[in-house]
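Welcome! Please take a moment to look over the sequence and the model below, and then we can walk through them together.

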Amino acid sequence: MIGKISRGKRVLGLLRYLFGPGEANEHVDPHLVAAWTDPALVGVAGSEDLGVLADLLNQPVTMMRRPVDRPVWHASLRCAPEDRRLSDAEWAQIAEQVVTRMGFTSGSGDASGCRWVAVRHADDHVHLVVTLARMDGRRPSVHNDFTRLRTACQQIERRYGLRVTASRDNTAPVAASRPEQEKAARNGQQEASRVRLLRTVRTAVAGADDESAFFARLDQAGLLVRRRHSIQHPDEITGYAVALPGDRDRQGVSVWYSGGRLAADLSLPQLRRRWQVPTCQAGTTDSADRQRLRDPAARRQAVTTATAAAVSAAEHLAADVAGDPAREQDQEAVAHAVGDLAAAVAHVLHGPDDGPMHTASERIARAARARWAATPHTTPAAETVRAGARILLALGRAGPGEATDFARLVEALLRLAEALALLRAAQQRHIQAEAAAVAAQMLATHIPGQAPVPPRVAHAGTRSPARPPVRGAGKERVTRGKRR
């Protein structure tokens, strides 16, 4: 179950949206399933009734000496597509559990808590509306409410047998918001600008061995690039932002995304950590190298080098390093570098446009990331993997006569994804393990004669392996999500 939170000022406007037809007539049979009082006592048939309901919800707010700036707390709770259809009675129980877990009430029949309602207008989700004022005059705490709601959702998943979702660890990508998706659809784009920028920046990172090469690759990719300079030291660059040419807001201003807004590990300080190379790198990608790689034999050797890097990385990930902190750090650095290699393979096979290999690459990148957006210090073994990615990107696009060589490379990447899945499972990082296992299934479809047999990823509980995590559930225009 995915929960998303937003805050607002006007409870009546929110109620009108929830009980209305929706922006695309997607709201079906809007009705109350639970409330701080008996829902049967509150009429919600027409606009006048919604006004009465809003007044009742607002009463504690108007009684406060110092009202809350944004007194309307709104959360949407959405099940996974494969979950069973919950009844109104079950949603009512879930709503009461959530408001109790959040500290808005102390349980059923609490007359001194906050006033709240639960609205259902679809089979798979419900909306909670709470006014942040207790009837006893105290102000409820919303500190750390995203984490508390995530914990409540996971408890509900276990109690009602629903799809288990990921805990927050900042390895999930930042999904495009609903307004971003709608804007792309209006402009006739296949994907939101955020998604395109994320893929392009990751590819630039994979092909760069230092900061100057990174910015040069962003320029070559046709992105608008803006460097952020320090206020105290104007010559020092502290960050960057990128934008797609022609992507503008209503005022005609380019829509910029900082690296950290695209993904937590793409901020400039995090990228600088990976460029702290401890040893001499194997393989370069300067202009002389690009000239050399025009020769068919040199191109074949470059693919062979990248394939060997994937095989070596798989061996590193499969090694038993328990009890050896230095080797564990090296293994984590290699795992992190695998994301670069996957991005390079996808770009060489599909170019900058979205394709099936890019989807597999994104799942490998999810599995490869360190928790909490940390970037491990690079090691010689990790640099070997990144050097393989850089030399691949120097090739440009795969040629028609190179299918066999690249089939071997994809097969090596498949084995690497399997090794990454087993490593993350052994580390009890099961969502990342599943991401790698699903990527291995996807890669198997690109290898002739390869049966898509995923690695066995065992969970501590009874969940079946190789089932992808829920992404993008619970999207409503009036809600906002947070990276998990």
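Leaving aside its neighbours within four places in sequence, which residues is L392 in contact with? They are A306, L341, A344, V345, V348, F406 and L409, where contact means heavy atoms within 4.5 Å. Before we go on, please keep in mind that this is a predicted model, in which local features need pLDDT of at least 70 and side-chain atom pairs count only at pLDDT 80 or more, while totals for chains, interfaces and linings use all residues. Residues are numbered from 1 along each chain as its sequence is written, and side-chain values use heavy atoms, with hydrogens and water left out.

Let us start with the overall picture. The chain has 16 helices and eight strands; these are DSSP runs numbered from the N terminus, with helices being H or I of at least four residues and strands being E of at least two. Of the 484 residues in the chain, 52% are buried. Here buried means under 20% relative accessible area, exposed means over 50%, and partly exposed lies in between, with a 1.4 Å probe and protein chains only. Taking the contacts between residues at least 6 apart in sequence, 72% join residues at least 24 apart.

Now to the sheets. Five strands form an open antiparallel sheet in the order β1-β3-β5-β4-β2; two strands count as paired if DSSP finds at least two bridges between them. At the edges are β1 (2-8) and β2, each pairing on one side only. From one strand to the next, the twist averages 20°. Within this sheet, β3 (residues 72-78) and β5 (residues 125-134) run antiparallel and are joined by seven bridges, and A75 has L128 in β5 as its bridge partner. Strand β2 also pairs with β4 (residues 114-120), in the antiparallel sense over four bridges, and H31 stands opposite R120 in β4. Is β2, at residues 31-35, largely enclosed or left open? Five of its five residues are buried, so β2 is largely enclosed by the rest of the structure. Helix α4 (residues 145-160) lies across β1 and β3 and runs at about 145° to β1; axes are lines fitted to C-alpha atoms, for helices over the stretch in contact, and angles run from 0 to 180 degrees between N-to-C directions.

D29 has a positive phi of about 50° although it is not a glycine, and D29 is exposed, with a relative accessible area of 52%.

There is also an open sheet of three strands, in the order β6-β7-β8, with antiparallel pairing. Its edges are β6 (224-229) and β8 (257-258), each with a single partner strand, so one side of each is left without a neighbour in the sheet. Two bridges pair β7 (residues 237-243) with β8, and A241 has S258 in β8 as its bridge partner. Helix α6 (residues 193-207) lies across β7 and β8, at about 130° to β7.

The axes of α12 (residues 325-350) and α15 (residues 403-426) come within 11 Å and cross at roughly 145°. Residues in this contact include A335, V338 and L341 of α12 and L409, L413 and L416 of α15. By class, the contact has 14 nonpolar, one polar and two charged residues; Ala, Val, Leu, Ile, Met, Phe, Trp, Tyr, Cys and Pro count as nonpolar, Asp, Glu, Lys and Arg as charged, and the others, Gly among them, as polar. Helices α11 and α12 also pack at about 145°, with their axes 10 Å apart. In that contact, A306, A310, A313, H316 and L317 of α11 meet D330, Q331, V334, A335, V338 and L341 of α12.
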